[in-house]
Amino acid sequence: MVTLVNALAGLGVGLSIPYIYRFTSFVWLYFLRPTTIHHYLHGEAPYALVTGATDGIGKGTVAELYARGFNLLLHGRNEKKMQKVVEELREHGKPGSSGDIRYFIADATKAGLDFEKMVEPYKDLNITLVIHNVGGSNGVQAEKLDERPEQYIHTLLQWNALFPLLLSRALLPQLRRSAKHGPVNVQFVGSLAGDICPTRLSIYASSKRFLEALARALDNDEHFFDGPTGVRFTYLAVGPVNSASMHQAPSLHTPTSDTFGRAIVARTGCGLRRVTPYAMHAVSQFVMTALGESTVDAFTAKEMKTLIEVYAKTE
């Protein structure tokens, strides 16, 4: 009897080890780990390149990076909005935030862009951090895939997948040069939608899932094939964030763009190839995994119906 009890106790301890490890990793990452963002402030005049920088997560992230001492190279598609962002950064930046700010304008939804020409004016910059934030879902509508125009599909794939892919391709030689004197990190802003695949968001979800595979493959290319180059790739798993395009009210589970931008910067360089920057989104991830696919699919479908109604009222 004692032997059986001991065996069951040992089994219980063994089964609990993965959960203990996940809990301690969670506490370390979100509450105890000191920031390592300063590791990317190396070489002469380090720059952070952020796409989709005029709104939402991108705008919140660049404000934090500027406050941390980075020079900025920003991307957007609206010149007036970009100029306003630059003015706000220079006017409201924290004391000591006096770095260089440059920008380029390009519509990420359009095919046929010349990426080599796009980055040519900035080829001599020491870019140590890239955050591919550009992308979106074009709102939430009730139409099924076969009710969507083909152009809608092309636009979302170009916006979410091809633009960050082709811009990364154009930047890689330059990033490898910067990596000769310190770490370089390229981050793709993804979505938990890529994990749960919500109804009516099939193209958006799959385009974000593409970014996760791309981050892993490119990271393997740079780290294992011909030796490490110093350029690493990271996928950011993102839940709901309050912004101009996300109409959910700010809450513990739905941070503001500024709060989420600080979370991205805080997790940068943590060593994970896939990271969930915001703690409550990580909790949601854990719960969804525990509930199982069928339960999550049914719950998500119900929530999507409500979300579609909310978006319909605001359009």
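Which residues do ring pairs link into a cluster? They are Phe26, Tyr30 and Phe31. This is a predicted model, where local features need pLDDT of at least 70, side-chain atom pairs count only at pLDDT 80 or more, and totals for chains, interfaces and linings use all residues. Residues are numbered from 1 along each chain as its sequence is written, and side-chain values use heavy atoms, with hydrogens and water left out.

**Overall build**

- The protein has ten helices and seven strands. Helices (H or I, at least four residues) and strands (E, at least two) are DSSP runs, numbered from the N terminus.
- Along the principal axes, the C-alpha trace spans about 75 × 50 × 40 Å.
- Among contacts between residues at least 6 apart in sequence, 75% join residues at least 24 apart. Contact means heavy atoms within 4.5 Å.

**Surface and charge**

- Of the 315 residues, 45% count as buried. Buried means under 20% relative accessible area, exposed over 50%, and partly exposed in between (1.4 Å probe, protein chains only).
- The protein exposes about 16,500 Å², and carbon and sulfur atoms supply 59% of that area. Accessible areas come from the Shrake-Rupley method with a 1.4 Å probe; for residues, only the protein chains shown count as cover.
- There are 32 positive and 29 negative side chains, and the centres of the two sets lie 3 Å apart. Lys and Arg count as positive, Asp and Glu as negative; His and the chain ends are not counted. The place of a charge is NZ of Lys, CZ of Arg, CG of Asp or CD of Glu.

**Aromatic pairs**

- A search of the whole structure finds five aromatic pairs. Rings of Phe, Tyr and Trp (its six-membered ring) pair if their centres lie within 6.5 Å; planes under 30 degrees apart count as stacked, over 60 as edge-to-face and the rest as tilted.
- One of these pairs is Phe188 with Phe233, which is stacked, at 6.2 Å centre to centre and 15° between the planes. This pair links distant parts of the chain: Phe188 is in strand S5 (residues 184–189) and Phe233 in strand S6 (residues 231–236), 45 residues apart. Both Phe188 and Phe233 are buried.

**Buried spots**

- Thr61 sits in helix H2 (residues 56–67). Thr61 is buried, because its relative accessible area is 1%. Beyond neighbours within four places in sequence, Thr61 is in contact with Ile131, Gly261, Ile264 and Val265.
- Helix H8 (residues 257–267) is mostly covered, with eight of its eleven residues buried. Among them are Gly261, Ile264 and Val265.
- Ser191 lies in the loop between S5 and helix H6 (193–196). Ser191 is buried, with a relative accessible area of 8%. Not counting residues up to four places away in sequence, Ser191 touches Tyr204, Lys208, Tyr235, Leu236 and Val238.

**Positive phi angles**

- Most residues other than glycine have a negative phi.
- Asn138 is not a glycine, yet has a positive phi of about 60°. Asn138 is in the loop between strand S4 (126–132) and helix H5 (150–178). At 39% relative accessibility, Asn138 counts as partly exposed.
- Arg200, also not a glycine, has a positive phi of about 70°. Arg200 is in the loop between H6 and helix H7 (202–224).
- Gly269 follows H8 and has a positive phi, near 80°.
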